[in-house]
Amino acid sequence: MDINDTIQDGIPEFPDLAEHTIPQTLPMMAVRDVVIFNYMIIPLFVGRPNSVGAVNEALTKDKMLMLVAQKDATVDDPGPEDIHQVGMVCMIMRTLKLPDGRLKVLVQAIGKARILEFQQSEPYFLVNIETMPDQEIGEITVETEALMRTVREQTEKILSLKGIMSSDLMVILNNIEEPGRLADLVVSNLNLKTSESQSVLELTHPVVRLKKVSEFLNKELEVSAVQAKIQSEAKEEMGKTQREYFLREQLQALKKELGDIDERSQELDELRSRLAKKNMPPPAKKEAEKQLKRLEMMHPDASEATTVRTYLDWILDIPWRQSSRDRIEIKEAKRVLDEDHYGLDKIKERILEYLSVRKLNKKTKGPILCFVGPPGVGKTSLGQSIARAMGRKFHRLSLGGMRDEAEIRGHRRTYIGSMPGRIIQGLKTVGANNPVFMMDEIDKVGADYRGDPSSALLEVLDPEQNFEFTDHYLNMPFDLSKVMFITTANLTDTIPGPLLDRMEIIQLSGYMLEEKLEIAKRYLLPRQIKENGIKAKDLKLDDKTIQKIIANYTREAGLRNLEREIGKICRKLARKIAEGAKGPFAVTDRTLEKYLGPPRHIPEMEQESIDQPGLATGLAWTEVGGEILYIEVSILKGKGNLTLTGQLGDVMKESAQAALSYCRSRIKQLKLGENYFEEIDIHVHVPAGAIPKDGPSAGITMAAALYSALSGKKIRQDVAMTGEITLRGRILPIGGLKEKALAALRAGIKTIIIPDQNQKDLVDIPEDLRKQLKFIPVKNMDQAFPHLF
């Protein structure tokens, strides 16, 4: 019910309390979100079983019902403790049963009463009450009359501000001469909280009650004035699309005037507190303070406010000056590196050198290391061990397939959904400005119309520039000089020259048989036993069996296939144990085929197949390490044609042409006729035919195979060779000698012919490997022939 309803219905016929005798015991019904005052006529929807029972009980007697407001409107089944003690006795004037089972009841308040005692709670409330008539005030004093006029004027102003003022309403207000009735009529039409309305209801002195209502009117008048001010200021700019914005502005202004809690203010205070505590460079702090002031001036629902808020979060979350403490104990760092990785002495020595320098000079810049080697040799895991040895945080970033420069430098804030680059994101993730930052697959960075990430990495990986690296999103310099960057690659050919120049290249060639055996025993086997849920005592795998797995089931520079084969054995044992078999289970070189199937690589068979002229064994370098390369030459009757098969690249085809020209120049030593080469066709084939091959280092092998086929001499089975050949038969140096030596050792070959200029590279080959192999340096083919035939 509001004042407009009262105007339309006219002045209600207020009944006199003397006309009704109120019983001391009445059924009681709790009502939500409304406080009923004297003389009010109000419709109610009754649905709760307890309330329906109270209404039905009242209808069977004198139609009187005690209505009391709940303390908490959310309580569905209130008890005596959830109900106020003071309420109104009402007369049920009309009832209507609705289709959904509820009742619509029209009631009129006839008297105020207090609950003395609850007689029953089920199936409805039955209470003992006492009436609370208003106190007698005698004649109306001047003060009371002034108060009544003030209330009327306040009500008139509020209605005028809201635009609902009418002369009929003022007639009703002016005709009420009793302070209590005026207070009840006015307060029943104010949008007060239930607790505030209840506090007015419980006052029995009419003048005191009217004063309380006047206080609420003052507050409502202030709110209405502010509301009218907001409406007048916003009305000029408000269009159809601005309606939602205006309503939110109005709500914010009302909350501010009422002193309600403002979540936005709390958020701004939290940002100020974080900014005050954050240790950051002065330019960054100045920019953060500037953006915070901008945010304070913006409307919270503006799209730019979200952008500024996100930007501030990034600035405050980045570890500008937060560093983790380095572990500078050299012996302890060496112990950690040795514990995590077997071998790799050169790399460990470089890390310990850096730590030693760091111990003596705290301001030294972090090195930019690049681990280059085939897959599976431990490049990434080595980075994690370095971080553990130094006591630093570790973060890994994969660069493979990256094509957008913004991935490194970040997006400018003008774009929707912009964010910093992966470098700044990684630093935020670890929470320190000096982590070990590993960038995997730097040789596989792409480039397209969005930019070249490798060019952006020039600044990141340059110690002379990265102390003020600028991310496009932050738009301010960040010091990356404390970060230890480690990159990995399978080969350096695809890395741009300027970028390669900024990194210190460390080669990881691969592992020898003895190293793989030790790594399998220390790391791979225990890890696979744990991952497959079996116990160490369930599996017995001796050194001889592991060596057979390495030699006959894997042919790789790294360790991934070896770990897969060990995992396959562990899985088969896990199945046996799950089926109820009891261990321990011994896997020997004789029973190995039951678990892994027939051997995939048999070096002895490959060597036996070479025992005829025209076949030679070469050594090649690939991304996955060294490989054995077999070259076959057949001499056929023909017209001097040279046929090359086996998916050879251009460089390899040119090597074959050069080898043939060399052999033709040696026609006298070969004791062949002058027209011999015009009467034959030569076919050079390099198995396997489905695998593309290229590179210059097969020149010596092709020349040896051709010379063998033309002379009819067999090449030794235990000799492999590598080197580039010229038309004069000189042997030029090649790369990847260590990888090729390991490939020869895996194939059971003990003698390797190498270019004389590659003798300097023998220093990089481990001593254990050099002892197992015989390296023969040659300057030309004439020096090689005595060792071949």
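**Helix pairs and a pocket**

Student: How do helix 12 and helix 13 cross, and at what angle?
Tutor: In this predicted model, the axes of helix 12 (residues 330–340) and helix 13 (residues 345–360) come within 10 Å and cross at roughly 155°. Angles over 145 degrees count as roughly antiparallel, so helix 12 and helix 13 are roughly antiparallel to each other.

Student: Which residues make the contact?
Tutor: From helix 12 you have Ile 330, Ala 333, Lys 334, Leu 337 and Asp 338, and from helix 13 Lys 348, Ile 351, Leu 352, Leu 355 and Ser 356. In this contact, 6 residues are nonpolar, 1 is polar and 3 are charged.

Student: Is the crossing left-handed or right-handed?
Tutor: Helix 12 passes helix 13 in a right-handed crossing.

Student: Okay, new topic! How much space is in the largest pocket?
Tutor: The largest pocket holds about 1,000 Å³ of space. It has 36 lining residues, and those closest to its centre are Gln 507, Leu 508, Ser 509, Lys 738 and Asp 764.

Student: And which helices and strand each supply at least two residues of that lining?
Tutor: Helix 13 turns up again here, along with strand 13 (504–507), helix 19 (513–531) and helix 26 (737–746). The lining residues divide into 17 nonpolar, 9 polar and 10 charged.

Student: Back to packing: at what angle do helix 25 and helix 28 pack?
Tutor: Helix 25 (residues 699–711) and helix 28 (residues 781–788) pack at about 60°, with their axes 11 Å apart, and are therefore oblique to each other.

Student: Which residues meet there?
Tutor: Ile 700, Ala 703, Ala 704 and Tyr 707 in helix 25 meet Met 781, Phe 785 and Leu 788 in helix 28. That contact has 7 nonpolar residues, no polar and no charged.

Definitions and conventions
Residues numbered from 1 in each chain as written. Predicted model: local features only at pLDDT ≥ 70, side-chain atom pairs only at ≥ 80, totals over all residues. Heavy atoms only, no water. Axes fitted to C-alpha atoms, helices over the stretch in contact; angles between N-to-C directions. Helix = DSSP H or I, 4+ residues; strand = E, 2+ residues; numbered from the N terminus. Parallel < 35°, antiparallel > 145°, perpendicular 65-115°, else oblique. Left-handed = near helix turned anticlockwise from the far one by under 90°. Contact = heavy atoms within 4.5 Å. Nonpolar A, V, L, I, M, F, W, Y, C, P; charged D, E, K, R; others polar. 1 Å grid on protein atoms, 1.4 Å probe; cavity = no way out; pocket = protein on both sides within 12 Å on 5 of 7 lines; lining within 4 Å. Points joined across faces, edges and corners; volume = space filled by probe spheres on them.
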